[in-house]
Protein chains: 2
Amino acid sequence: MSPTVGVIGGGQLARMMVPAAINLGIDIRVLAETAGESAAIAVTDLGDYRDEATVLEFAQSVDVITFDHEHVPQSVLKALVAAGVSVQPSPDALLYAQDKLLMRERLSALGLPVPDWARVTSVDELDAFLSDHGGQGVLKTPRGGYDGKGVRVVRSAAEGADWFEGGAELLVEELVSFTRELAQLVARRPSGDLELWPVVETIQRDSVCAEVIAPAPNSAGKVADVAADIATSIAEALGVTGVLAVEMFQTTDERLLINELAMRPHNTGHWSIDGSTTSQFEQHLRAVLDLPLGATGCRDEWSVMVNILGGPSNGSLADRYDLALADQPTVKFHNYGKDPRPGRKVGHVTAGGDDLDDVVYRARAASAFFDN
Amino acid sequence: MSPTVGVIGGGQLARMMVPAAINLGIDIRVLAETAGESAAIAVTDLGDYRDEATVLEFAQSVDVITFDHEHVPQSVLKALVAAGVSVQPSPDALLYAQDKLLMRERLSALGLPVPDWARVTSVDELDAFLSDHGGQGVLKTPRGGYDGKGVRVVRSAAEGADWFEGGAELLVEELVSFTRELAQLVARRPSGDLELWPVVETIQRDSVCAEVIAPAPNSAGKVADVAADIATSIAEALGVTGVLAVEMFQTTDERLLINELAMRPHNTGHWSIDGSTTSQFEQHLRAVLDLPLGATGCRDEWSVMVNILGGPSNGSLADRYDLALADQPTVKFHNYGKDPRPGRKVGHVTAGGDDLDDVVYRARAASAFFDN
């Protein structure tokens, strides 16, 4: 029998698992909230991922449960485990991708490099932290944020006052002075083996990933080694299974500080579909099924991924194919089948080659056909 | 709106179009004969492809009709065209992939290199041909053959007698003395542009494709040029759209003779999924939608594809993954989701790299895990 993977969430990450599942002959089933989501071709169940009965019923039809997003409540995850379902990553690991305060506490306890941070429950506590950190900081809601949501740079405690209403616990961090952002992806099996891709450079715009360069320029040697050590330590200490993405700052004083964690395929790994021997989506499926992991070498000296954010203001991405595909015959186009909407991730392109300037040019040129 | 491609036939060729469709955001719908076929994830309609009403109804839901196999009757194809459906390749082109006698006539009329051949309707006519060709020949039924079925080497006219019963017209060809077999794949858009992959060497066992080496060793220069010219001439003269595969013999006296034609993705092009910038499946979708074609360069110096024929005598392909994936982490595994059965094409593996001996070794080693 073919193994069956169940994915909770029907977004583009679930969608991009499907080609890998088809290649390997893995059956894939997706629980989506509504019909017509990005992963529609593999959606078998519709329902609310916060509803225990819905998720338990979905789990009956699969060998392992994994995720398109980290929003499934711990209570639901624990009910799955109690029912004997293989949940990868486990609730105990996933917790640290769900709650930024717990993540900061845990990584600090492990001695891993993180920005200065504090748990704050009042404007006064926030004010004290800001006073110790040059009068500025980054205030974060511990749960539910993504792509810059739930994150606010504050330069006075008053700027965060509204978030404390109702007695919230918040995370505040120093505003790190960084030269660039990096991401280190690793995949780990339940039985322990892990494989790393090369560390990549990520370029954010308006707090959303815009471009990724793989491998990160000028990373050979110490930067790559430190990034790999950090991701390996986290994967092993937290018992992560499947893909783990560690977003990091490279500081002006040449340290790497951990920013965010994700325990699923991640935007900073999309280049691997076309640029690595094993894509993050194939590797995630292998890992959650506890199958041997694939090789993670680069297929090109440089790969550059550019997100298609928003998409055309009129019509669909496919309406631009006549021009875009003709102009960039070597670029790989990925269309998530989502309606264009300002700022929305609706697709990406990946270019590869030996000359980084040329690769960047081709990827940007291809993505530009889908602007406006 | 996303374009929608309708594929008639639910086998592994339709299956392998699905990842390419997902990447490009093309909706794909498949008309299969029965539930649970290889392309099940994209099957939207079940029915008989020989039934005009069934096929016409399926065609209502798509922008273009294309094929997993060449068995749709001309009467059904012509009814589609009469109803205004875009059929790619057209019935007039596909005819020459359906009927080997018509194909031989047409290619001969075009002055293209084919083995000596004759149309024979009796044992006496067969005997006359054999007498002129050293007492041996290859007898073929004009329609419905594949993978060695409908093909018989004869060394006396009596050996073909049973096939003439009922007044059949048969094709007889000289038994070509060849050093190896080659295949040249090309994709052509309705508007005329075409792109060729490098010519490949194919190794047959028991008349079934067993291995493919891309590009064909020692083909640079004249062999590649002649193969490309032949395929280009056929695609243009016959007005083929989508992928055209031209199987050829390289003779002991260094000529290339056309053996068979297929007008769809072809087993000899499966290496392109992992080994070319644009796979034959992506290119086929682009071509039948009249979208700009992708680049067809090789991603590795050598790619070697080995078919998984038959598969395990007990259990499924996936049962062997623990050993196979661990042993060959660089090899790409393709499992068609079909039950193992002796001689059946149930999957393939592709290896790539700079050293042909090593690439061949890894591909064969990977495939061997699925034997017996």
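Domain bounds here come from an automatic or database domain assignment. The model is a predicted one, in which local features need pLDDT of at least 70 and side-chain atom pairs count only at pLDDT 80 or more, while totals for chains, interfaces and linings use all residues. Residues are numbered from 1 along each chain as its sequence is written, and chains are lettered from A and ligands numbered from 1 in the order in which they are written.

**View 1. Domains of chain A.** The assignment divides chain A into domain 1 (4-87), domain 2 (116-173) and domain 3 (178-368). Between domain 1 and domain 3 of chain A, the C-alpha centres are 23 Å apart.

**View 2. Where domain 1 meets domain 3 in chain A.** In chain A, 16 residues of domain 1 are in contact with 17 residues of domain 3 (C-beta atoms, placed from the backbone, within 7 Å). On the side of domain 1 of chain A that touches domain 3, helix 1 (12-24) and strand 4 (64-67) each supply at least two residues (helices are DSSP runs of H or I of at least four residues and strands are runs of E of at least two, numbered from the N terminus). The largest share of that side, 8 residues, comes from helix 1 of chain A.

**View 3. The sheet of chain B.** An open sheet of chain B holds 4 strands in the order 3-2-1-4, with parallel pairing (strands pair if DSSP finds at least two bridges between them). Strand 3 (43-46) and strand 4 (64-67) of chain B each have a single partner strand, so one side of each is left without a neighbour in the sheet.

**View 4. Strands 2 and 3 of chain B.** Strand 2 (residues 27-32) of chain B runs parallel to strand 3 of chain B and is joined to that strand by 3 bridges. B:Leu31 has B:Asp45, in strand 3 of chain B, as its bridge partner.

Definitions and conventions
Two residues are in contact if their C-beta atoms, placed from the backbone, lie within 7 Å.
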